[in-house]
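Let's take a walk through a protein model together. Have a look at the sequence and the 3D view, then read on.

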Amino acid sequence: MALPSSGQISLSDIAEEKKGSGLPAGGYWQNISLRGLSVDSVTDFSYYNGDSIITADYPGTPNSAAPHQVSEFYGFSLFSFPTPIGGFAYANSSDYDVEYLNGSGNTAIAGTQIQLTFNSNGSHVHKTKDYTTASSGTYNTGGSFSTSGTPSILEARWVIVDGDFTMDGGTADKISVGYVPGGSISSVYRDVRTGSNGDATDLDFTDTYVTITPTVFGGSGSNTQTFSIQATAQSGTSSGDQAKVATNASGDYVGLQLRANQDNSKVITLRSGLTTNVEISAISYDPPDFSCIMPDMLVWEKTKGSTRIGDIAVGDFISAPASLTDRSQGSQWVEVTEARTHTRSGYWDVDGIHITNDHPVWLTDEGGSAWVKVEDMRPGISRTYVEGSVDPVYLGTNPGYYYVYPIDKSHKMIVSGDYAPTTE
């Protein structure tokens, strides 16, 4: 731990700081030299370790010029971080390119989490991962950084250099950072920007340092800690509600800084890649009133066989084309990710398939293939409007389309299982 900045300091106090630890039971110091403590490559001291006499010289000094004084060691710590290029250690870049969409109008969270493990041997490990509302995801192999000595205080803060912020939803949308030191140190969460602040371009953010000193350094924090930066989008609308932080140039980055002994010359930054841009984006949106099919229409479910759409549940797997543009690839099973009911004032009967007027279907003719709403189908396709209050069902799927059959199973149609269908 760092020496005190005032009061009495003994030569043995300085020797212990340079050694990085005290002496074992029965041990004692010998021949402590103030000149040796102050000048590198000159013997600092000897000590008995309970078995033999050890003579040692530890590099590092606050002032090597004569005359040497004990007072020069006020606040001294041998602790140091490595010096990678620019003081940066790069975390896994891919984990800073994260997007999470919630199509049910509920809260969407996208973020990056850094895990730090502090080891007693001075070799420490950092890993990164992306996570969603359920904090899912697997840590990718990170890197390591080494330290020498033991800091009395270790702190952390998030920094964003030239961040671009998109906040196009409600005031509850936000970009936030979190610190979870564990142990007996309380977690800290802070907002970087909220929906009420609006968008911003090339905006810097530097948070206030949070004390995280782990047990291995004599603190009360855990030796394994987590730190997060996340985007939260709420109050979804059919047009979409997004909260995003991004960078767009090689000099821009998002990073976690560690500082030892409150000394700004002892800082290391774990950051996104040198040339890889950041994009952490959360999108929440409500399904619109279209894109619905009558509940008595049929789909082919993997284990249930021919099944009414109204009886399909999230997690079921239904039949869909393996490719929209290459039908020779046959069919695939796609997971149902949404199953919602809406009230409508009528529907169209398109050759036995009952579907709302603006539900996209995949049509192919001599001019090519495209998503076409029922109401925009070309002349010649037989369809009849049936008026009256109905409760059609929207099914969302991954990858966003599936087969629908009429009651008599005489044919099938590819329909959208996505609010914004796209071609391959």
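In which sense do strand β7 and β8 pair, and over how many bridges? Keep in mind that this is a predicted model. The pairing of β7 (residues 123-131) with β8 is antiparallel, and five bridges hold the count. If you want a spot to look at, find His-126, which sits opposite Gly-143 in β8.

Now zoom out a bit. These two strands belong to an open sheet of six strands, ordered β8-β7-β6-β14-β10-β11, and the pairing is antiparallel. At the edges you'll find β8 (140-146) and β11 (188-194), each of which pairs on one side only. Going from one strand to the next, the twist averages 15°. In general, strands of a sheet pair through backbone hydrogen bonds, either parallel or antiparallel.

Next, on to a helix. In α1 (residues 11-19), the buried residues are Ile-14, Ala-15, Glu-17, Lys-18 and Lys-19. So what do they pack against? Here are the partners of those buried residues:

| Partner of α1's buried residues | Residues |
|---|---|
| β1 | 28-30 |
| α2 | 34-38 |
| β2 | 45-48 |

Finally, let's visit the surface. Which residues form a nonpolar patch there? They are Trp-300, Phe-317 and Trp-333, and together they have about 300 Å² of accessible area. Trp-333 belongs to strand β22 (residues 331-341).

Note on methods
Residues numbered from 1 in each chain as written. Predicted model: local features only at pLDDT ≥ 70, side-chain atom pairs only at ≥ 80, totals over all residues. Heavy atoms only, no water. Patch = residues over 30% accessible without salt bridge, like charges linked within 9 Å, V, L, I, M, F, W, Y side chains within 5 Å. Areas by Shrake-Rupley, 256 points an atom, 1.4 Å probe, with all protein chains shown as cover. Salt bridge = Lys/Arg side-chain N within 4 Å of Asp/Glu carboxyl O. Helix = DSSP H or I, 4+ residues; strand = E, 2+ residues; numbered from the N terminus. Buried < 20%, exposed > 50% of the residue type's maximum accessible area, 1.4 Å probe, protein only. Contact = heavy atoms within 4.5 Å. Pairing = 2+ DSSP bridges. Axes fitted to C-alpha atoms, helices over the stretch in contact; angles between N-to-C directions.
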